[in-house]
Amino acid sequence: MAPTVKDNLRPIPPASEICYFLGAGFSAASRYRLPTAEGFLSPDALIYCCNALNQKGTIRVSDHPDLPQLLSRLEARYGELRSLDLESIMSDLYERSAGIGQPWSTRDPALVDRELPFKASDLRRIRPDGIPLHPAPEGSDLGRDYQLLLLYICLRLRVPEGRDDECPLVQALLETQRVRDSIVTLNYDTIIEHHRGQRRDKHGVWDPRVDVLHYYLGLPSPGHQTGPRMLQQVGVEGRGFYAKLHGSLNWRSCPRPICPNHWYIESTDRPGSDAAESSEAGRCSVCGSLPETVIIPPVATKPFDRFPKLRLMWLQAFRALSRAPRWVFIGVSFAPTDMQLRSLVRAASEDWFPTGIAGVGQVCVVNKGDKGCHEAADRLWECLSPRVQRKLSSEAAGIATFASIEDYLGAVQSTDGHREPDPVC
C-alpha cells in the first residue's frame with residue numbers, strides 16, 4: 001500500500017511549474033455533475049440536443065430514436081446497466097469489432113438465436129435466465145453498437161454546452177494556475193474549453209495553452225503563418241501544455257482510410273472552423289464523408305498510427321510531468337486497462353528531476369473521500385519508479401491526499417502565495 005499523508009501541501013520553488021492531471025472525477029465534482037465510468041449508462045439520463053434553429057437543450061435518452069435500443073442490447077449482452085463500467089464496455093466492443101476479436105463473429109451475440117448443444121426448438125429459443133430469444137436480422141454487428149456508444153458518450157458529455165453558466169469550483173482551480181503550469185486530461189468533455197470561452201467572452205481573459213492546442217491540430221501546413229513548422233521544440237520556456245490524451249468531443253476526423261484527411265484531427269472550436277451542428281454543414285473537404293468524433297477507447301494499444309498528433313500530446317504530457325516538481329492528479333482512477341497511462345507515469349517518474357533535490361518533489365491525489373484517495377494512491381504508487389517511491393517515503397511521508405477539490409484549493413491558498421505571477425505581456 002502507498003504511504004499517504006492527508007492535506008499536506010508543501011511549497012515549491014517560486015518559478016517552477018505544476019502539472020495537473022484531470023480524470024473523470026474532476027468533471028463529476030463540477031457543477032455539471034458529468035458521470036464517471038460507473039453508472040454512465042442510463043435510459044433516464046439527460047443528453048444534449050440541438051434543433052433546426054440551432055437552439056441547444058437536453059432530452060432524455062429514452063426520447064432518442066436509436067439509443068434506447070442500444071442500451072437494451074448492451075444490457076442483454078453485459079448485464080444490468082447500473083452495474084456496468086463504461087470503460088470495460090468500450091474496450092470489449094472495440095476489441096471485438098475493430099481489434100483482435102474482429103473475426104470471431106459477424107452477428108449480434110446478445111440477440112441472435114445461437115445454436116446450442118441440444119436440438120429441441122423450444123429449448124433453443126430460451127436463454128438460461130428464461131427470457132425468450134428473438135433472432136436478430138442478418139448483418140447485426142458489434143461495430144454498429146460501438147459507434148452508437150460513441151454517440152451516446154458525446155451526447156451525454158455535451159450537456160454543459162447548452163448552459164452559459166460557469167462552475168465556481170472549476171473556475172477557482174483554473175484561477176490558481178499560471179500559464180507555465182500544464183493541464184493534462186483523460187476526459188473527452190470540453191469543460192476547460194467551455195470555461196475559457198466564457199471567460200474570454202465576458203472578461204477578455206484568454207488561455208494560450210488552449211490556443212496552442214488548436215494550433216497543433218489540423219492538417220500539416222507549408223507555411224508558418226497558418227500552422228506549426230515541421231521541426232520545432234516540443235517545449236516552450238514559460239508556457240505549459242494543454243493535452244487531451246484520449247481525444248475530445250469537439251475533434252473530428254474523416255473515417256475513410258483511403259482519404260488523405262483520415263490521419264488528421266480538426267477541432268470544431270478551432271478559429272476559422274466551418275463545422276456546425278448540422279451533419280450536412282460539416283463534411284470532409286476531400287471526399288465528402290461525414291466526419292467521426294475522435295474518442296480513443298481505453299484499450300492497451302492507442303491508435304497512434306491513425307492519429308499521429310496523439311503521439312505528440314503524450315510526449316507533451318511526459319515533458320510536463322518531467323519538469324514539474326508538483327504533480328496533482330484530480331479524479332484519476334488509474335484504470336488497469338489503460339497501460340499507456342501507467343507507462344507514462346513510470347517513465348516520467350524515472351526522469352523526474354526533483355528526485356535529486358532534497359525537499360523538492362511532491363505527488364498529490366485529489367479524489368472523492370478518503371477511501372477514493374487511498375484507492376487511487378495505491379494504483380498510482382504501483383506506477384512510480386522505485387527511486388521516487390523511496391524519496392516520497394523518506395522526505396514527504398508519501399503521497400499527499402485531499403478528499404475533495406475544495407480541500408486542495410484551501411491548501412493552495414495558504415501555501416502557494418509565494419509563486420511568481422505570469423509575466424505581463
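**View 1. Arg60, partly exposed on strand S4.** Pro43 sits 17 residues away along the chain from Arg60, and the two C-alpha atoms are 7.2 Å apart.

A word on the numbers in every view: this is a predicted model, so local features need pLDDT of at least 70 and side-chain atom pairs count only at pLDDT 80 or more, while totals for chains, interfaces and linings use all residues. Residues are numbered from 1 along each chain as its sequence is written, and side-chain values use heavy atoms, with hydrogens and water left out.

**View 2. Strand S5, paired with S2 and with S6.** S5 spans residues 182-185, with Ser182 and Val184 pointing one way, Ile183 and Thr185 the other, and all of them buried. Strand S2 (residues 18-22) runs parallel to S5, with four bridges between them; strands count as paired if DSSP finds at least two bridges. Look for Leu22 with its bridge partner Thr185. S5 also pairs in the parallel sense with strand S6 (residues 242-244), this time over three bridges, and there Ile183 has Tyr242 as its bridge partner.

**View 3. His246, in the loop between S6 and S7.** At 4% relative accessibility, His246 is buried. A polar atom of the His246 side chain lies 3.5 Å from the backbone oxygen of Leu186.

**View 4. The open three-stranded sheet, S8-S7-S9.** The pairing in this sheet is antiparallel. Strand S8 (266-267) and S9 are the edge strands with a single partner each, so one side of each has no neighbour in the sheet. Two bridges join S7 to S8, and Arg252 stands opposite Glu266 in S8.

**View 5. Lys6 and Asp370, a salt bridge between distant parts of the chain.** The closest N and O atoms of this pair are 3.3 Å apart. Lys6 belongs to strand S1 (residues 4-6) and Asp370 to helix H11, 364 residues apart. Both ends are partly exposed, Lys6 with a relative accessible area of 47% and Asp370 at 35%. The whole structure has 12 salt bridges, each a side-chain nitrogen of Lys or Arg within 4 Å of a carboxyl oxygen of Asp or Glu.

**View 6. Arg73 and Asp145, a salt bridge between two helices.** N to O, the gap between these side chains is 2.8 Å. Arg73 is in helix H2 (residues 67-78) and Asp145 in helix H5, so the contact ties together parts 72 residues apart in sequence. Both Arg73 and Asp145 are buried.

**View 7. Glu292 and Arg306, joined by a salt bridge.** The N to O distance is 2.8 Å. Glu292 is in strand S9 (residues 292-295) and Arg306 in the loop between S9 and helix H9 (308-323), so parts 14 residues apart in sequence are tied together. Arg306 is buried, at 16% relative accessibility. Elsewhere, salt bridges with shared partners join Arg73, Arg77, Arg144 and Asp145 into one network.

**View 8. The second largest pocket, with about 1200 Å³ of space.** Closest to the centre, out of 49 lining residues, are Ala24, Gly25, Thr36, Ala37 and Gly331. A pocket here is an open set of points on a 1 Å grid over the protein atoms alone, where a 1.4 Å probe fits and protein lies on both sides within 12 Å along at least five of seven lines; lining residues have an atom within 4 Å of a point. The volume is the space filled by probe spheres set on the points, which are joined across faces, edges and corners. Helices supplying at least two lining residues each include H1 (24-28), H3 (86-97) and H13 (405-415), and H1 gives the largest share, five residues. The lining divides into 26 nonpolar, 13 polar and 10 charged residues (nonpolar: Ala, Val, Leu, Ile, Met, Phe, Trp, Tyr, Cys and Pro; charged: Asp, Glu, Lys and Arg; polar: the others, Gly among them).

Terms used
Buried < 20%, exposed > 50% of the residue type's maximum accessible area, 1.4 Å probe, protein only. Polar contact = N/O pair within 3.5 Å; in protein donor to acceptor, adjacent residues only side chain to side chain.
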